[in-house]
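Biologist: I have not looked at this one before. Can you put it on the screen and take me through it?
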Amino acid sequence: MNISEYLSKRLKSYREEKKLSQSAYAQELGVAKATLQKLEEERSVSSQTLQHVVDQIGMELSIRPREPRKEGVTVSALIEEFLEGLNDCAISDSKRKGVETALRGIEALLEEKD
(Lines give C-alpha, C1' and ligand atoms only; values in the text may rest on other atoms or scores of the structure.)
Protein backbone atom coordinates (compact mmCIF):
# COMPACT_ATOMS: atom_id res chain seq x y z
CA MET A 1 0.00 0.00 0.00
CA ASN A 2 1.44 3.38 -0.94
CA ILE A 3 1.27 6.53 1.21
CA SER A 4 -1.65 8.04 -0.76
CA GLU A 5 -3.76 4.93 -0.38
CA TYR A 6 -2.90 4.54 3.30
CA LEU A 7 -3.66 8.18 4.10
CA SER A 8 -6.88 8.07 2.09
CA LYS A 9 -8.13 5.00 3.96
CA ARG A 10 -7.14 6.44 7.33
CA LEU A 11 -8.84 9.78 6.71
CA LYS A 12 -12.05 8.19 5.40
CA SER A 13 -12.15 5.64 8.18
CA TYR A 14 -11.73 8.24 10.92
CA ARG A 15 -14.26 10.60 9.36
CA GLU A 16 -16.86 7.87 8.93
CA GLU A 17 -16.22 6.48 12.40
CA LYS A 18 -16.86 9.92 13.91
CA LYS A 19 -19.82 10.44 11.55
CA LEU A 20 -18.36 13.71 10.28
CA SER A 21 -19.14 15.29 6.94
CA GLN A 22 -16.22 16.15 4.69
CA SER A 23 -16.83 19.82 5.48
CA ALA A 24 -16.72 19.26 9.23
CA TYR A 25 -13.65 17.04 9.10
CA ALA A 26 -11.86 19.41 6.73
CA GLN A 27 -12.52 22.23 9.20
CA GLU A 28 -11.17 20.06 12.04
CA LEU A 29 -8.03 19.41 10.01
CA GLY A 30 -7.67 23.05 9.01
CA VAL A 31 -7.96 22.47 5.27
CA ALA A 32 -10.51 23.21 2.58
CA LYS A 33 -13.20 20.62 1.84
CA ALA A 34 -11.77 20.30 -1.69
CA THR A 35 -8.39 19.41 -0.20
CA LEU A 36 -9.90 16.67 1.94
CA GLN A 37 -11.74 15.36 -1.11
CA LYS A 38 -8.46 15.19 -3.02
CA LEU A 39 -6.77 13.32 -0.18
CA GLU A 40 -9.62 10.85 0.16
CA GLU A 41 -9.55 10.26 -3.60
CA GLU A 42 -5.75 9.75 -3.57
CA ARG A 43 -5.15 12.84 -5.71
CA SER A 44 -2.15 15.14 -5.38
CA VAL A 45 -1.85 17.98 -2.89
CA SER A 46 1.11 20.19 -2.11
CA SER A 47 3.84 18.82 0.13
CA GLN A 48 3.05 21.54 2.70
CA THR A 49 -0.61 20.51 2.79
CA LEU A 50 0.31 16.86 3.08
CA GLN A 51 2.67 17.63 5.96
CA HIS A 52 -0.01 19.72 7.68
CA VAL A 53 -2.64 16.96 7.46
CA VAL A 54 -0.19 14.29 8.60
CA ASP A 55 0.70 16.46 11.61
CA GLN A 56 -2.99 17.00 12.41
CA ILE A 57 -3.75 13.28 12.52
CA GLY A 58 -0.72 12.50 14.67
CA MET A 59 1.46 10.80 12.11
CA GLU A 60 4.99 11.44 10.97
CA LEU A 61 6.05 11.82 7.38
CA SER A 62 9.72 11.38 6.64
CA ILE A 63 11.81 11.18 3.53
CA ARG A 64 15.00 9.19 3.55
CA PRO A 65 17.31 7.89 0.90
CA ARG A 66 16.69 4.41 -0.38
CA GLU A 67 19.15 1.80 0.60
CA PRO A 68 20.97 0.50 -2.44
CA ARG A 69 20.03 -3.00 -3.54
CA LYS A 70 22.46 -5.57 -2.36
CA GLU A 71 23.70 -7.94 -5.00
CA GLY A 72 23.72 -11.64 -4.27
CA VAL A 73 21.28 -11.50 -1.35
CA THR A 74 19.35 -14.72 -0.98
CA VAL A 75 15.95 -15.40 0.54
CA SER A 76 17.66 -17.75 2.96
CA ALA A 77 20.05 -15.02 4.12
CA LEU A 78 17.18 -12.57 4.60
CA ILE A 79 15.27 -15.13 6.66
CA GLU A 80 18.31 -15.77 8.84
CA GLU A 81 18.78 -12.03 9.39
CA PHE A 82 15.10 -11.63 10.29
CA LEU A 83 15.20 -14.58 12.71
CA GLU A 84 18.30 -13.17 14.38
CA GLY A 85 16.41 -9.90 14.87
CA LEU A 86 13.64 -11.82 16.61
CA ASN A 87 16.13 -12.70 19.34
CA ASP A 88 15.87 -9.06 20.46
CA CYS A 89 12.06 -9.28 20.68
CA ALA A 90 10.06 -10.39 23.66
CA ILE A 91 8.28 -13.34 22.05
CA SER A 92 7.96 -16.90 23.26
CA ASP A 93 10.04 -19.71 21.83
CA SER A 94 6.91 -21.36 20.43
CA LYS A 95 5.94 -18.16 18.56
CA ARG A 96 9.50 -17.78 17.27
CA LYS A 97 9.42 -21.40 16.05
CA GLY A 98 6.05 -20.74 14.36
CA VAL A 99 7.46 -17.70 12.56
CA GLU A 100 10.50 -19.68 11.51
CA THR A 101 8.33 -22.50 10.17
CA ALA A 102 6.19 -20.04 8.19
CA LEU A 103 9.26 -18.32 6.74
CA ARG A 104 10.81 -21.65 5.76
CA GLY A 105 7.57 -22.51 3.97
CA ILE A 106 7.72 -19.23 2.08
CA GLU A 107 11.36 -19.90 1.26
CA ALA A 108 10.46 -23.31 -0.19
CA LEU A 109 7.70 -21.75 -2.32
CA LEU A 110 10.05 -19.10 -3.66
CA GLU A 111 12.71 -21.65 -4.52
CA GLU A 112 10.30 -23.85 -6.50
CA LYS A 113 10.85 -23.80 -10.22
CA ASP A 114 7.93 -22.45 -12.27
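Modeller: Let's begin with a loop. Glu42 is located in the loop between α3 and α4 (47-56). The helices here are DSSP runs of H or I with at least four residues, strands are runs of E with at least two, and both are numbered from the N terminus.

Biologist: What is the phi of Glu42 like?

Modeller: Phi is positive, near 60°, in a residue other than glycine. Most residues other than glycine have a negative phi.

Biologist: Before we go on, what sort of model is this?

Modeller: It is a predicted model, in which local features need pLDDT of at least 70 and side-chain atom pairs count only at pLDDT 80 or more, while totals for chains, interfaces and linings use all residues. Residues are numbered from 1 along each chain as its sequence is written, and side-chain values use heavy atoms, leaving out hydrogens and water.

Biologist: Now the helices. How do α1 and α3 pack?

Modeller: Helix α1 (residues 3-17) meets α3 at an angle of about 120°, and their axes are 8 Å apart. Axes are lines fitted to C-alpha atoms, for helices over the stretch in contact, and angles run from 0 to 180 degrees between N-to-C directions. The two helices are therefore oblique to each other. On the α1 side the contact is made by Leu7, Ser8, Leu11, Lys12 and Arg15, and on the α3 side by Leu36, Leu39 and Glu40. Contact means heavy atoms within 4.5 Å.

Biologist: What angles count as oblique?

Modeller: Under 35 degrees is roughly parallel, over 145 roughly antiparallel, 65 to 115 roughly perpendicular, and the rest is oblique.

Biologist: And how do α2 and α3 cross?

Modeller: At roughly 100°, with the axes of helix α2 (residues 22-29) and α3 coming within 8 Å. That makes α2 and α3 roughly perpendicular to each other. Gln22, Ser23, Tyr25, Ala26 and Leu29 of α2 meet Lys33, Leu36, Gln37 and Glu40 of α3.

Biologist: What do the side chains of Arg15 and Glu40 form?

Modeller: A salt bridge, 2.7 Å from N to O. Arg15 is in helix α1 and Glu40 in helix α3, so the pair ties together parts that are 25 residues apart in sequence. Both Arg15 and Glu40 are buried.

Biologist: What counts as a salt bridge, and how many are there?

Modeller: A side-chain nitrogen of Lys or Arg has to be within 4 Å of a carboxyl oxygen of Asp or Glu. By this rule there are six salt bridges.

Biologist: Which residues are linked in a network of them?

Modeller: Glu80, Arg96, Glu100, Arg104 and Glu107. Within that group, Glu80 and Arg104 meet at 2.2 Å, N to O. This pair links distant parts of the chain, with Glu80 in helix α5 and Arg104 in helix α6 (residues 93-111), 24 residues apart. Arg104 also meets Glu107 at 3.2 Å, N to O. Those two both lie in helix α6, three residues apart, about one turn of the helix.

Biologist: Is Glu107 buried or exposed?

Modeller: Glu107 is buried, because its relative accessible area is 9%. Glu80 is partly exposed at 33%, and Arg104 counts as partly exposed at 27%.

Biologist: Last one: what is Thr35 in contact with?

Modeller: Val45 and Thr49, leaving aside neighbours within four places in sequence. Thr35 belongs to helix α3 (residues 33-40) and is buried, with a relative accessible area of 19%.

How values were computed. Buried < 20%, exposed > 50% of the residue type's maximum accessible area, 1.4 Å probe, protein only.
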